[in-house]
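Please keep the sequence and the 3D view open as you read.

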Amino acid sequence: MSDKAPFERGTDGPKVIVAGLDGSEPSWRAVAYAAGLARRQNALLAIVYVQPVLAAGAAFGAPVAEATAEIADQLKAEIEKAAARFQSVSSLRWEFHTFVGDPFSGLSQASNELKADAVVVGASEKAGHRIVGSVAVRLVKAGRWPVTVVP
């Protein structure tokens, strides 16, 4: 038997909280909520932006990739500015990650790789998601992590 204990989710409170960010108002509220949880639990906040792969944009190649990378850079700059304002009030450990793909797959991959104890996402504002299913619903149905959906 190995001396090293296997990885176990959910023991002694969350250690890694993944928050999905796409720039929408609900996603910013999700990050703020997750930041409060992470601060109170002394957990790492992993903010994840999933760069979309646009099938129609594939023909354009580099311009599409550059545009999504630019969005990621802008989001990271906004997060750094907000974190700097609050750093004097309280300490928060956070990281920013980007993944490429559809939001569900990207957040799932991020949560697996970062060994997330919890996932926080914003509620979808798109009407079509009521029919097809939102990223939040798909994450809940995956049943791998506790998922909090912030309105």
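## Starting from isoleucine 17

Leaving aside residues up to four places away in sequence, isoleucine 17 touches Ala34, Leu37, Ala38, Ala43, Leu44, Leu45, Ala46, Ala118 and Val120. Contact here means heavy atoms within 4.5 Å. A second, separate core of 15 residues includes Ala46, Phe99, Val121 and Leu139. A nonpolar core is a set of buried Ala, Val, Leu, Ile, Met, Phe, Trp, Tyr and Cys residues joined through side-chain atoms within 4.5 Å. Buried means under 20% relative accessible area, exposed means over 50%, and partly exposed lies in between (1.4 Å probe, protein chains only).

Before going further, note that this is a predicted model, in which local features need pLDDT of at least 70 and side-chain atom pairs count only at pLDDT 80 or more, while totals for chains, interfaces and linings use all residues. Residues are numbered from 1 along each chain as its sequence is written, and side-chain values use heavy atoms, with hydrogens and water left out.

## The largest core

Which residues touch the most other members of the largest nonpolar core? Among its 19 residues, they are Ile17, Leu21, Ala34, Leu45, Ile47, Phe96 and Val120. Strand E1 (16-20), helix H1 (25-41), strand E2 (44-51), helix H2 (62-87) and strand E4 (118-122) each contribute at least two residues to this core. H1 gives the largest share, five residues. Helices (H or I, at least four residues) and strands (E, at least two) are DSSP runs, numbered from the N terminus.

E1 is mostly covered, with five of its five residues buried. In a regular strand the side chains alternate between the two faces of the sheet. Both faces of E1 are covered: Val16, Val18 and Gly20 are buried on one side, and Ile17 and Ala19 are buried on the other.

E1 pairs with E2 in the parallel sense over five bridges, and with E4, also in the parallel sense, over three bridges. Two strands pair if DSSP finds at least two bridges between them. Alanine 19 stands opposite isoleucine 47 in E2 and opposite valine 120 in E4.

## Helix H1

Together, E1, H1 and E2 form a right-handed β-α-β unit. Right-handed means that, with the strands pointing away from the viewer, the path from the first strand over the helix to the second runs clockwise. The 17 residues of H1 reach 24 Å from first C-alpha to last, close to the 24 Å expected at 1.5 Å a residue; the expected span is 1.5 Å times one less than the number of residues.

The buried residues of H1 include Pro26, Ser27, Ala30 and Val31, as well as Ala34, Ala35, Gly36 and Ala38. Their cover includes E1, E2, E4 and strand E5 (147-150). After H1 comes asparagine 42, whose phi is positive, near 55 degrees.

## A loop proline

Where is proline 52? Proline 52 sits in the loop between E2 and H2, and is partly exposed, with a relative accessible area of 34%. The C-alpha atoms of proline 52 and aspartate 102 are separated by 5.6 Å, although these residues are 50 residues apart along the chain.

## The whole chain

The protein chain has five helices and five strands, in the pattern β-α-β-α-β-α-β-α-α-β along the sequence. Buried residues make up 34% of its 151 residues. Of the contacts with a separation of 6 or more, 77% are between residues 24 or more positions apart.
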